[in-house]
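Please read it alongside the sequence and the structure shown below.

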Amino acid sequence: MKFARIIFANLFRKKVRLMLTIGSFAVALLLFVFLSVVKDAFGRGADVAGADRLVIINRTSIINPIPLSYRDKILRIPGIKAITHNNWFGGIYLDEKNFFPQFVIDPENQRKVFPELMVADDQWDAFLKDRQGAIVGARTAERFHWKIGDRIPIKTTLYGGGSWEFNLVGIYHGKRPQDDETQFWFQWDYFQERLVASQKGNVGWYVLRVENPDDSPRIAKAIDAEFDNSPFETKTETESAFAANWVKQFGNIQFLIVSIGTVVFFTLLLVTGNTMAISVRERTSELAVFKAIGYSDRKILFFVLAESLAIAIIGGALGLLAAIALVPALSKALTGMLPAIILLPRTLILGLILALIVGFASGLLPGLGAMRLRVVNALRRV
Amino acid sequence: MAAKLIFGIILTVAAICVVLLVLVVIGGVLAGLLAPFIGNVPISYNFRSIRERWTSTIVAVLGIAGTVGVFVAMLSLARGFKATLVASGSPGNALVMRAGSSSEMMGGITLESVKVVQDAPGVARDSSGPLVTQEVVGVMPFPLISTGTDANVQVRGVSPNVLEIRRFVKMTEGRMFQPGLSELVVGKNASRTYQGLTLGNSVDFAGGHWKIVGVFDAGGSSFDSEVWCDGKLFNQVLHRPENIFQSATVHLASPDSFNTFKDSLTTDPRLNVDVIREIDYYAKQSTVMTRLITILGGFVAAIMAVGAIFGALNTMYSAVSERGREIATMRALGFSTWNVLLSFLFEALLISFAGGILGCLVVLPLNGWTTSTMNFQTFSNIAFAFKITLDLLLLGILFALVMGVLGGFFPAIRAATRPVAVALREL
């Protein structure tokens, strides 16, 4: 590090320019983090999907039901560890804007199929005992300032309509930060009780866990074969396939985000590359002097690269800090519209690596130019 | 109290700064554009400099082009999306649903109620009777052409006279379905986005075998992503109770008769319904998506704009600082500070204008490019197209010019006001 002073002196030669270049890096990194967290949020479903879970939906349409009576037939197929069933409730809490998903669940089995959504045992026991009980994800509870013991009315126009009252008895937390903590669960029995006879006994979809993920294709096929030509044909997929399909329906968001990101990085590369090139050109004669007094070509390349890398690291770090500060604001602005916006460490690391690559690339050409400089020519130039 | 005062002062100062900045930008653009005509500005010097330093020029142009391209593309996406969702339906139509329903899918309306609706005042009629379509909606999986994976397509069972009610919908190919037959007509975007939905083809869904007999154009609205068939038949196929529909849409005698129509239905004791203008209903159905796109687009555009100004400033700054001696020479030759300043503004504007034009040209092919996404509120897939209009392009170029002025102004001031002797001495 004996050259630190030279590099430092060069860095601060033009302070305005240094600040501008660092600023460009910071902004580009901020945009990168922003685009990645949004992309992650759109793809969240596929990200959290359990490898050993299968989803069974009605083949005709996702909004058509499947009878509860299919449950026993499904369980006859070997290799299934646990099964639960859910219904989409689609109710409204006070106002349409307050959207969060409400699921009717099978209280005996939901926990066995989704072990990553953790509820304290005493809360779960209270849930089992209370027919009108409900468990809610931590994010939704926080959003509406709900506490255990609150009574929560949810309006619906389906299922006979009216306002349904629930007692909040538990709050679940995800094991990983990216787990969905917005769902609202209540009991199948309470749901059935309020339905008219013709609506009873239908579930929206089943989710099951298999003993061995390698068995999934066989089990999926066996389930669909079992109900072929029945009035309610099924479609069974792994949870990740189901979620990936869901994500694809958002269209080319992935493509849009990647193209915006690429354009931004290309632009950044141009700007910093140009700046480095100009700053190297400015001190052609200085570099020639360095060479004349015996510095090797490699050292000259090292000076230039070290300078551009230092700018990249400082700018990148600033951008990432800004992102850490801004992501919660974005997450708040998008509550109820997208799954949780979370800044994962891997995004930060990836951002820093990208900054380093751009820094290296933008310093490389001017550095090589400086390296190839012929002392005689450079010194002759005024 | 003190905190409030400080806050107020900060706000005032900020407002003054913004106003000054805007004035500087406007003045800069005007002055820069008029530069060749006022005073004896050394414009030919700028042209020669651009040619001499062509690498820097290209970098600056490309940098601005990239920013303007993304900016225009984002705006056109948001605009296309809004045009599709918000502008669906007609103000001359009214939608009737069960009271309290947030969407058609949640609705339910019996045949008896539909009969009451048909006789209500304000409903338009023609020779065949009142213009009312009672509808059944469902979402059916169809594979996307782009990925081959299933997407939820909104299938709408309608009355055979639906074209009399939604008059903005026109058959472009083939014919309307015949009542009672398993025939489909598909929207033009649906036909382009999903596999197998072309004229003359047959598809299987909901346990039926359907033949596609026509393609319709709904003027770019969300109906263009839908598939329509006979409502009664669709109800049977879905095993839903007979004579219950999800919504009814009426064509009003005139858009003004909406209130008469609404009042007569909402006060009728036999009915328990909500009445809403069709166009308002679709705007409401897309509030979440529209907000999402606005917030995301706003964030990206704001960050991009800051980044672009940094980039432009940096490029122009480097360009100016590199030729300190040239500037000093010009001034030593007798060009005034003012002339040098104008000359640099002109150069900045020229470069940013070229960048703006290039950026617009690059994104222009996106116009009309159709992509699809899912509306969270209806779970159904909607195709929409990028809409690049003249005003968006002009906005993009204006954006480029503003960046050019911001980027060129301060370095130019610096260049023009440095003492000649100091600048000339510099190596």
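How many helices and strands does chain B have? In this predicted model, chain B has 14 helices and 16 strands.

**Extent of chain B**
- Chain B is more spread out than a compact globule, because its radius of gyration is 30 Å, well over the 22 Å that the globule rule gives for 427 residues.
- Along the principal axes, the C-alpha atoms of chain B fill a box of roughly 95 × 60 × 40 Å.

**Domains of chain A**
- Chain A is divided into domain 1, comprising 4–45 + 251–380, and domain 2, comprising 60–232.
- A distance of 48 Å separates the C-alpha centres of domain 1 and domain 2 of chain A.
- To their contact, domain 1 of chain A gives 6 residues and domain 2 of chain A gives 9 residues.
- On the side of domain 1 of chain A that touches domain 2 of chain A, the residues divide into 3 nonpolar, 2 polar and 1 charged.

**Helix contact in chain B**
- Helix α2 (residues 43–52) and helix α12 (residues 337–363) of chain B pack at an angle of about 45°, with their axes 9 Å apart.
- The angle therefore makes α2(B) oblique to α12(B).
- The crossing in which α2(B) passes α12(B) is right-handed.
- From α2(B), the residues I43(B), Y45(B), N46(B) and I50(B) meet S343(B), F346(B) and E347(B) of α12(B).
- The residues of this contact between α2(B) and α12(B) divide into 4 nonpolar, 2 polar and 1 charged.

Technical notes: Residues numbered from 1 in each chain as written. Chains lettered and ligands numbered in written order. Predicted model: local features only at pLDDT ≥ 70, side-chain atom pairs only at ≥ 80, totals over all residues. Axes fitted to C-alpha atoms, helices over the stretch in contact; angles between N-to-C directions. Helix = DSSP H or I, 4+ residues; strand = E, 2+ residues; numbered from the N terminus. Parallel < 35°, antiparallel > 145°, perpendicular 65-115°, else oblique. Left-handed = near helix turned anticlockwise from the far one by under 90°. Contact = placed C-beta atoms within 7 Å. Nonpolar A, V, L, I, M, F, W, Y, C, P; charged D, E, K, R; others polar. Domains from an automatic or database assignment. Rg over C-alpha atoms; globule rule 2.2 N^0.38 Å.
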